[in-house]
Amino acid sequence: MATLTFDVDAETPILAQGRRFADQPMVMSHQSYGPDVGVPRILDLLDEMRVPATFFVPGWVAEQRPGLARSIVDRGHEVAHHSYSHRPPTSMSTGEERVDFERALDVFAAQNVDIAGHRAAMWSATRDTVGLIAEHGLVYDSSLMGDDRPYLVDTEHGSVMELPVHWSLDDWEQYAFLPEPNIGSVIESPVEVEQLWRAELDGMRRYGCLFNLCMHPFLTGRPGRMIALRNLIAYAQECADVYFARCRDVAEWARDDPETPRRPLPDYDVDPAVYPD
Ligand code: ZN
């Protein structure tokens with residue numbers, strides 16, 4: 001099973017580091033390239049290859065570009081919750097996280113976009129995040145790393161299906177570069193990235209895992225990287241055992257599978273005499 005996921009962060013990870021960057025046209029245009037150039041190019045590739053995908057969109061981005069989320073759904077893909085502001089939940093208070101989470105839901109409700117799942121900004125979920133997801137009736141999260149197959153996380157509001165991620169399957173670690181603010185300093189060859197992801201796909205086929213690939217239109221939407229993605233999809237389609245699906249469909253199938261494991265959120269009682277802050 002494979003999921004192609006695109007986090008349409010646009011300007012939000014930059015603004016989360018400081019509103020002052022709004023006045024820097026190079027930085028802002030590097031980010032707006034994502035929804036303006038990357039997303040249409042990605043949608044055309046998905047049409048060409050006939051594969052469905054999931055787009056995690058911050059509420060702020062959906063609000064700034066009112067037709068964007070709806071147009072993705074109308075092309076047969078899923079739009080999912082990716083915070084409102086893209087400020088990492090671990091940098092917020094419990095109350096701030098709730099306000100940010102609910103504000104994004106309000107944006108999607110106003111745009112008539114049905115939301116089933118969530119991914120935390122920068123994957124930086126708190127101990128409260130999964131509970132918020134269950135409380136608001138969403139069925140899955142995709143931010144944690146406790147397995148490489150879907151697993152259930154129980155909360156006081158019910159269970160949430162976790163579709164785990166991993167740094168090796170994120171284009172940010174391969175392609176993210178800006179002099180300032182610091183978002184990374186790598187520009188890897190797309191040929192190398194294709195090899196890396198192909199090796200991970202082969203391993204996941206061998207062990208029966210979910211190949212959950214996380215990409216960003218401002219990074220992967222660039223031309224040479226799109227060719228690498230196209231080659232990867234074509235390779236996967238040659239493998240008779242790889243099936244592409246939207247995250248919400250994977251979450252539903254995993255819930256019907258009696259072998260889906262349950263994994264509690266890690267809960268440690270750490271002695272401060274052993275491990276100071
Ligand atoms: Zn993001």
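## The enclosed cavity

One cavity of 30 Å³ or more is counted, where a cavity is a set of points, on a 1 Å grid over the protein atoms alone, at which a 1.4 Å probe fits but cannot get out. The largest cavity has a volume of about 60 Å³, a volume being the space filled by probe spheres set on the grid points, which are joined across faces, edges and corners. This is a predicted model, in which local features need pLDDT of at least 70 and side-chain atom pairs count only at pLDDT 80 or more, whereas totals for chains, interfaces and linings use all residues. Residues are numbered from 1 along each chain as its sequence is written, and side-chain values use heavy atoms, with hydrogens and water left out.

The lining of the largest cavity (residues with an atom within 4 Å of a point) consists of S83, R87, P89, M92, E97, D100, F101, H118, A120, A121 and T129. Helix α5 (residues 94-110) gives the most to this lining, with three residues; helices (H or I, at least four residues) and strands (E, at least two) are DSSP runs numbered from the N terminus. By residue class the lining of the largest cavity divides into five nonpolar, three polar and three charged, with Ala, Val, Leu, Ile, Met, Phe, Trp, Tyr, Cys and Pro counted as nonpolar, Asp, Glu, Lys and Arg as charged, and the others, Gly among them, as polar.

## The largest pocket

The largest pocket holds about 350 Å³ of space, a pocket being an open set of points with protein on both sides within 12 Å along at least five of seven lines. Of the 19 residues that line this pocket, M1, R149, P150, G208 and C209 are the closest to its centre, and the elements giving two or more residues to the lining are α8 (190-207) and α11 (247-256). The lining of the largest pocket comprises twelve nonpolar, two polar and five charged residues.

## Overall fold

The chain has eleven helices and eight strands. Its radius of gyration, taken over C-alpha atoms, is 18 Å, close to the 19 Å that the globule rule gives for 277 residues, so the chain is as compact as a globular protein of that length; the rule is 2.2 Å times the number of residues to the power 0.38. Buried residues (under 20% relative accessible area, with a 1.4 Å probe and protein chains only) make up 53% of the 277 residues. Among contacts (heavy atoms within 4.5 Å) with a separation of 6 or more, residues 24 or more positions apart account for 70%.

E194 belongs to helix α8 and is buried, with a relative accessible area of 11%. Not counting residues up to four places away in sequence, E194 touches A228, N231 and L232, and its side chain makes a polar contact with the side chain of N231 (3.2 Å). A polar contact is a pair of N or O atoms within 3.5 Å; within protein, one must be able to donate a hydrogen and the other to accept it, and residues adjacent in sequence count only if both atoms are side-chain atoms.

A polar atom of the side chain of Q237 lies 2.8 Å from the backbone oxygen of M49, although Q237 and M49 are 188 residues apart in sequence.

Key. Buried < 20%, exposed > 50% of the residue type's maximum accessible area, 1.4 Å probe, protein only.
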